[in-house]
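Hi,

Here's the structure I promised to pass on. Have a look at it first, and then read on for what turned up.

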Amino acid sequence: MTDRNSAADIENAANRWLWLRESGDWTPEQAEALEVWLADSSAHEGAFLRAEAAWATLDRLAWDGAAISNVTRLPSRRRRIIAGLTVAAAAVIAAFVLIPRGERYVSPEMEVRAVALRDGSAATLNTATDLRAEMGDHQRQVRLKSGEAFFRVRHDKARPFVVAAGPLRVRAVGTAFSVAYTNESPRVVVTEGVVEVWSQDHPQQRTRLVAGQVAALSDGVTAVETLTPNDPAERRLAWRQGRIDLGGETLKEAVERFNRYNRVKLVVADTRLNEERLYGGFDMHDPASFARTAGTVLTVPVEASADEIRIGTHTGP
Amino acid sequence: MSLDRLKLVHWIAAHVMPHEPTVRAWLSRSLVSKADVDDLIQEAYCRLSAVQSIEAIARPDGYFFQIVRNLLREQLRRAQLVRIDASAALEDLPMGDEAPSPERVTSAREEWTRVQAAMATLPPRCRQILQMRKIDGLSQRDIAARLGVSESIVENDAVKGMRLIMQHMGQGPKHPRSQRKGGGIDRSKLRR
């Protein structure tokens with residue numbers, strides 16, 4: 001731990017490297033120089049990782065900052081009835097198939113997968129997702145055929161990154177967002193930076209979205225919604241961490257969501273419970289623990305068998 | 001950045017960094033000088049960078065504590081003069097159970113508040129530059145053009161801003177139990 005330079009000097013140097021890398025014009029020569037600097041001492045390596053983590057923490061600024069600047073007043077803080085906290089890791093094995101033009105990535109049902117795209121961008125595929133990526137010299141094109149994917153786009157001004165989902169088009173240069181195409185109206189959630197959204201049929205009518213905004217395309221019209229700190233973009237993307245984060249969804253919706261990820265199915269036996277609203281974060285692969293919590297909150301019995309878990313008791317005919 | 005590295009960085013941001021104030025408070029109220037604390041923390045992050053599988057770590061806070069404890073033990077072992085004091089000191093250090101329990105791991109909302117509080121302490125231009133980068137996605141060149149200053153000023157302010165943010169987050173809120181309990185150790189002996 002004895003270094004020529006003080007910890008403070010090293011920290012400063014690490015921060016400077018990080019800013020250089022993150023501020024737009026990062027060259028292969030600089031990347032090489034950074035490698036040399038990192039290899040120089042373990043303190044350098046530690047300081048740089050710490051700088052990266054601090055920088056990642058500032059990501060929170062993006063979605064919330066943008067959300068706040070768009071609402072006049074902060075809504076009162078919603079109380080979370082259920083406090084759940086789980087972190088499950090997403091599977092990191094990619095189903096990767098080389099096809100004549102570009103690459104195809106698919107995730108099977110009930111699984112979330114992270115893949116590295118050839119341009120250095122990263123994608124996380126929600127369950128039952130099928131997409132094709134074509135990294136051209138002038139444009140990076142991704143077609144989302146079905147499902148939902150989160151993209152962390154590598155900055156490359158010369159090659160815009162465009163995602164197509166049905167008639168929806170989303171264009172980014174270097175930012176993070178997700179696109180879902182699970183029903184008729186494709187939608188996009190932006191967590192970092194800025195993207196441009198338009199309909200294939202009206203390429204002139206483009207909408208700019210900033211971090212913390214959601215847009216859905218329906219009948220060629222883009223509806224934009226700005227999220228609040230109580231309903232952050234991150235909540236909608238909790239699946240990336242293997243979580244289901246409920247912010248007032250109904251029991252019916254919650255059960256449908258869990259059933260997308262598990263073989264053991266949840267069943268609401270008492271249909272009167274369907275509209276009960278729930279709050280909290282859960283491990284998406286632990287429907288039993290969700291069912292128990294829901295049973296406690298709604299004061300109804302929960303019964304588990306080999307392939308299903310019943311919430312509430314069947315009443316009426 | 002590779003995906004594994006990205007995962008590691010985000011894992012550290014969410015589960016390790018928030019505990020830095022606790023670790024620092026513990027180190028400094030026990031026996032270590034400010035400069036040594038900084039060294040130890042940097043070294044601990046270096047060990048973290050070698051982590052192969054974050055999935056295997058159930059308690060990131062406890063893991064972080066353990067790394068720091070081991071580093072401190074190594075350091076004390078090298079400083080032979082204080083061997084007796086040192087073993088006493090290690091006894092005195094909180095074990096894993098003083099580390100925050102999983103239930104106390106910060107929520108996203110708390111983290112957001114923490115980041116906002118840290119941002120509020122920055123000089124206006126530093127704050128603006130970080131916001132322009134993080135929120136608007138502007139490059140250093142674009143930021144310089146918008147603010148009408150040189151790129152090197154933007155760079156210096158950004159780096160300064162990051163340092164202040166890290167300082168603020170590293171200190172954390174004032175710790176209520178920062179009172180050191182008895183068994184005094186002569187700090188000067190530990191300086192090398």
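**Salt bridges**

Glu11(A), Arg50(A), Glu20(B), Arg24(B) and Asp38(B) are joined up in a network of salt bridges. Before you go further, keep in mind that this is a predicted model. Over all chains, the count comes to 24 salt bridges. Here are a few to find on your screen.

Start with Glu155(B) and Arg16(A), whose side chains meet in a salt bridge at 2.8 Å, N to O. This pair crosses between chains: Glu155(B) sits in helix H9 (residues 151-171) of chain B, and Arg16(A) sits in helix H1 (residues 7-22) of chain A. Glu155(B) has 15% relative accessibility, so it counts as buried, while Arg16(A), at 31%, counts as partly exposed.

Next, look within chain A. Arg152(A) makes a salt bridge with Glu192(A), and their closest N and O atoms are 3.0 Å apart. Arg152(A) belongs to strand E6 (residues 140-152) and Glu192(A) to strand E10 (residues 187-192), so the pair ties together parts that are 40 residues apart in sequence. What about burial? Arg152(A) is buried, with a relative accessible area of 19%. Why does that value count as buried? Because the cut-off is under 20% relative accessible area. Glu192(A) is buried too, at 16% relative accessibility.

Last, chain B has a salt bridge between the side chains of Arg59(B) and Asp61(B), at 3.3 Å, N to O. Arg59(B) counts as partly exposed, with 34% relative accessibility, whereas Asp61(B) is buried, with a relative accessible area of 2%.

Cheers

Conventions: Residues numbered from 1 in each chain as written. Chains lettered and ligands numbered in written order. Predicted model: local features only at pLDDT ≥ 70, side-chain atom pairs only at ≥ 80, totals over all residues. Heavy atoms only, no water. Salt bridge = Lys/Arg side-chain N within 4 Å of Asp/Glu carboxyl O. Helix = DSSP H or I, 4+ residues; strand = E, 2+ residues; numbered from the N terminus. Buried < 20%, exposed > 50% of the residue type's maximum accessible area, 1.4 Å probe, protein only.
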